[in-house]
Amino acid sequence: MASEKPSITRSPAWQALLAHKATIANSSIAAMFAAQPQRFETLSLRLDELLLDYSKNLISSETIMLLMALARERGVGERMHGMFSGQKINTTENRPVLHTALRDGRSVLVDGMDTLPQVVAVREQMRNFSDGVRNGRIAGSGGGQYTDVINIGIGGSHLGPMLAVHALAPYADPTLHMHFASNIDGAALYRLLAPLSPATTLVNVVSKTFTTMETMTNARSVRRWLANSLGEDNAARHFVAVTANVPKATEFGVDAERVFPFWDWVGGRYSLWSAVGLPVALAIGMQRFEKMLAGAAAMDDHFRNAPFEKSMPVILAMLGIWYNNFFGAATHAILPYDDTLALLPAYLQQLDMESSGKRVTHDGAAVDYDTGQVIWGAPGTDAQHSFFQLLHQGTRLIPADFIAACRPHHVIDRHHEILMANFFAQTTALMNGDAATSAHDVFPGNRPTNSILVEKLTPHALGMLLALYEHKVFVQNAIWDTNAFDQPGVELGKRLATRILPELERSDPVTAYDASTNGLINFYKSNCDSRSSNN
Ligand code: F6P
């Protein structure tokens with residue numbers, strides 16, 4: 001039921017920000033640097049191996065004060081306490097949200113059950129298994145050491161582990177090759193399987209629900225591929241599963257001892273820290289996976305204890321609110337200047353857009369302000385040669401996060417220095433712009449950016465970075481009074497696909513939908529027989 005609560009846009013803190021925006025909107029960030037020699041020191045934060053420089057934003061100390069007043073007025077602190085203490089803050093699904101309990105070693109009670117012993121037990125199961133695969137004690141059905149692992153999952157059961165495996169590749173065992181199957185498109189699976197040997201391939205089916213259409217279809221096809229070569233019984237021995245629905249995994253044929261459980265209180269897009277991280281443990285070893293957890297725990301600790309003005313997640317979140325809700329910025333760019341973070345934009349798309357793509361408050365009232373932004377991006381310097389033109393001279397305001405590591409994993413000539421020179425040059429150019437004689441050459445500047453510098457992209461640093469963005473998303477949803485932990489918006493399309501699938505296989509024309517959908521389906525049925533598409 002929708003409530004009659006007054007909108008947050010009428011609150012004193014929101015109104016104060018609106019008035020402040022009118023006074024600052026035409027200011028120049030560059031001029032603020034000239035007037036405030038200590039601006040970098042004042043508007044940057046250091047935590048372990050992370051540096052966040054947010055000084056190149058259209059803000060003054062008054063802006064920060066007013067944004068923090070909004071955070072306090074919206075009860076961000078109380079909501080944070082609710083999350084860490086296991087309150088059922090995912091109200092639509094009546095669940096607590098405890099991905100933080102997977103990494104900080106704290107006991108939290110969920111319906112009277114302590115989470116910690118369960119977390120520790122699964123970590124031991126992961127350690128035993130990943131060590132065994134890496135040292136050859138756990139081998140394929142023919143006795144040969146595994147050379148390849150296929151992770152089958154989608155969304156939160158895919159993007160996190162794939163990002164982490166990619167980002168931490170410099171730490172990985174080069175003899176164990178990790179592969180990721182997510183999309184339902186058979187072409188992707190075909191390409192993936194073609195060069196692999198079934199006898200030395202381990203398959204990890206990851207699905208919180210163990211019912212997701214894409215994952216289960218891919219899992220069945222891979223089982224057939226294994227069985228054709230090794231026989232049904234041997235094929236089963238090549239499977240492991242990670243799920244919150246253990247009965248479904250065993251029903252699929254995975255040996256109960258090879259099912260790694262996680263729990264309802266871990267959301268899919270927040271699940272990298274659970275057994276969903278198994279591919280990471282397989283690739284880099286359990287000890288290093290635990291360093292990633294420790295990095296995330298360090299960020300949790302910082303989030304819980306730092307005053308808002310010194311809190312990286314709160315600062316990033318409130319800057320996002322500033323541009324989104326007060327300047328109308330509809331998008332936010334993520335620009336890693338580090339190839340190992342190439343998958344970060346895709347990961348953050350799910351984290352942020354699935355969490356913040358909401359249109360009603362916790363009690364069902366329609367919001368009258370914008371919520372989630374479009375998150376997008378690509379690694380620099382490639383992106384400089386594709387979409388940066390629009391960042392520099394387009395008409396839209398696009399705040400951006402630039403992320404880089406000071407020390408590279410691989411030193412080749414001067415590559416890293418050149419990469420970093422571009423990293424520093426771009427945020428400077430975006431802020432300062434450039435006057436020119438021709439109107440076409442004018443860079444207006446005043447384009448806001450955050451710079452995040454990591455000393456080196458270690459497992460610990462990656463854990464910190466990802467937890468930073470998780471908490472940013474949390475704070476923004478606290479401001480909007482929206483539920484960051486459900487995703488009802490993805491269900492309608494799934495239901496319709498399930499209904500349409502059998503209709504594609506029937507010969508009669510479809511009439512049940514709108515004229516466009518009927519027309520498209522009927523064109524497909526009469527012209528596109530997918531079973532004869534080999535040439
Ligand atoms: O697309 C919706 C979604 O439920 C995501 O939230 C989730 O990460 C993904 O599907 C996969 O779900 P599962 O892990 O249950 O297969």
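Predicted model: local features only at pLDDT ≥ 70, side-chain atom pairs only at ≥ 80, totals over all residues.
Mentor: Local features here need pLDDT of at least 70, side-chain atom pairs count only at pLDDT 80 or more, and totals for chains, interfaces and linings use all residues. Residues are numbered from 1 along each chain as its sequence is written, and side-chain values use heavy atoms, leaving out hydrogens and water.

Trainee: Why is Arg106 called partly exposed?

Mentor: Buried means under 20% relative accessible area and exposed over 50%, with partly exposed in between (1.4 Å probe, protein chains only). Arg106 has 22% relative accessibility, so it counts as partly exposed.

Trainee: What makes the link between the side chains of Arg106 and Asp104 a polar contact?

Mentor: A polar contact is a pair of N or O atoms within 3.5 Å; within protein, one must be able to donate a hydrogen and the other to accept it, and residues adjacent in sequence count only if both atoms are side-chain atoms. The Arg106 and Asp104 side chains are joined at 2.6 Å. The side chain of Arg106 also reaches the backbone oxygen of Phe84, at 3.1 Å.

Trainee: How do you know that the span of helix H13 agrees with its number of residues?

Mentor: The expected span is 1.5 Å times one less than the number of residues. With 20 residues (286–305), H13 should therefore span 28 Å, and its end C-alpha atoms are 28 Å apart, which agrees.

Trainee: Why is Cys528 called partly exposed?

Mentor: Its relative accessible area is 30%, so Cys528 is partly exposed. Cys406, at 37% relative accessibility, counts as partly exposed too.

How values were computed. Helix = DSSP H or I, 4+ residues; strand = E, 2+ residues; numbered from the N terminus.
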